[in-house]
Amino acid sequence: MLDIWSWICELPNLLSQWTESDASLVFELASSGPSHGDSATRSIQLRAERSSGSNIDTLVTFSVCLHGFQNLSKKTLWVSDTCSLSSDKPFLPLLLQLLQEIISRSPTAHDSTCPRSQLKALKPDPVSWVMDSHSPESFSTFFDLVFITRLFWLCACDAPSEVGSLYFKSLLAPNLDGLMSKHAPALRTFLMTVGVDAELCFMRTLGYMLAKWCMLRQVGVGLQTLTALTAPSQQNLGFSYANEACGFWVLKGYAPVLGMRTTRSVNVQTTQFPIMETTKDSVLKYALAHQQLEAVLQVEYSVEFYDGYIQVTARVDNLRFHVASLGFNKNNDVDYAEERYFPSRIRVWVGPEVGANYVHGLSLGRSTDNGEKEVKMQKIMKSSFGKSKNSRVKATMRLSTRTRKKNWRWDQDAEGNAAVFDAVLCDNVTGHEVATSNPSIGGRSENNNGLRRRYEGANRAFTKAGSLVLGGDEYGDGVGWRLSREMEGSVLKWRIGGKVWLSYWPNEVDTSYCETRCVEWCDEVDLPLILGKISI
């Protein structure tokens, strides 16, 4: 693991050794041995250079430099603003600069209403609070993530390809698991305090970087060592965090599509990026690879105190799922803009921590759906009597059946003391569950499946932007727990989690490519049982 922050924090202690004749200290970020025809060792370095300020102040400037690359004996990629070692937080300007540059260079989502150009500069107070509220070890992990993310643009976009190869192979890949650990409290605090607009920009930059890493890992050209990183922990790249505030439990999750586990595919080999493939399918997969799931699971809860027990009630307030297409093209110049993954199944659970013995009962608020079917029967009898030699009798019976169908089927269930909310998308033509089936392949016929042109028309299951919103009007049935009155005055740990399946079926293009992926998140939130702090 990198530990750039510890090295930076040691700089003020080296002032006595840091003479003007030795005005630069070097931290090696990544290096590789000599290549064929070149005996030089190639490396990416972080340099700290001392510059003279006033008599009582010492200024330090950081720079990222390349060393030993062919035709680049030494090149400076980036230079920081000066940092004053005599200030209370000498390296706060460095962190603010890195974060601001990451946010200002974030990819744009198609049809975004929050352009990054309208974001104001980050305020130092929230970032300073993140530095003060976490241990040096925890904050060091966050700083490494920020620095590696900033290096992505420098090495992968502003430098020769061999620099980008070294970055992905020797810098990003070995540190990816630790940087994206779900136990990253400093990153969680930063996202909670920086504001949702800056949060989206930061996480979309992170998602874009992870998408590029996943694509290179699948291709394996010059990055064969990356293909070994296929452990289960690497199958769900992304980040999630949960918090409790104002009567809400909120879980937010971000996952690049290629970082999600594949659960169903027409052909497993088609999920890769093979060399021999039609141009149309290659462009389609390239566009789909730059998509990221952004989810918000928001559950409203309330607490009521009775003689002998405490009643905790929860209901779904908002479940919001957006699949953002990350890129840098203008909205009217995006290839396959209408081809995107879509949520096909959602499973949300909430309840006490595992093993809790203070819950005396769980009550669900919805029965298992009892399908409604209307049957109409019509009988017609015709007869003829009279002067005709042969009497005639004609009988006709007509039977018609009408079934009401919805795109989504909602269910409630229980697993131990946890309440489970389950939503499944069904093809309204075939009735099959989308997450566990494949579309009928047969050209452009509109009757093959009910999800062609799924972002058009009055009966579409998604918004025009491809998002899905499930609110209290659709599923406001609550669930309840009865707790022992002895728990009054305590703050319990409650768990909230979600599992989301994303599917891709052709929308407007004619292709046989389709698949389903899934990601799972789980976290803990607080349940305060303090009478004076809860509205009842």
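The model is predicted, so local features need pLDDT of at least 70 and side-chain atom pairs count only at pLDDT 80 or more, while totals for chains, interfaces and linings use all residues. Residues are numbered from 1 along each chain as its sequence is written, and side-chain values use heavy atoms, without hydrogens and water.

Let us start with the helices, which are DSSP runs (H or I, at least four residues) numbered from the N terminus. Helix α2 covers residues 92-104 and helix α3 residues 124-132; they pack at an angle of about 115°, their axes 10 Å apart. The two are therefore roughly perpendicular (65 to 115 degrees). Where they touch (heavy atoms within 4.5 Å), Leu92, Leu95, Leu96 and Leu99 of α2 meet Pro124, Val127, Ser128 and Met131 of α3. By class, this contact has 7 nonpolar residues, 1 polar and no charged ones.

Now for the aromatic rings. The whole structure holds 24 aromatic pairs, meaning rings of Phe, Tyr and Trp (its six-membered ring) with centres within 6.5 Å. Phe152 and Trp153 form an edge-to-face pair (planes over 60 degrees apart), with 4.9 Å centre to centre and 65° between the planes. Finally, look for one aromatic cluster formed by Trp5, Phe62, Phe91, Phe139, Phe142, Phe143, Phe147, Phe190 and Phe202.

Terms used: Axes fitted to C-alpha atoms, helices over the stretch in contact; angles between N-to-C directions. Parallel < 35°, antiparallel > 145°, perpendicular 65-115°, else oblique. Nonpolar A, V, L, I, M, F, W, Y, C, P; charged D, E, K, R; others polar. Phe/Tyr/Trp six-rings, centres within 6.5 Å; stacked < 30°, edge-to-face > 60°.
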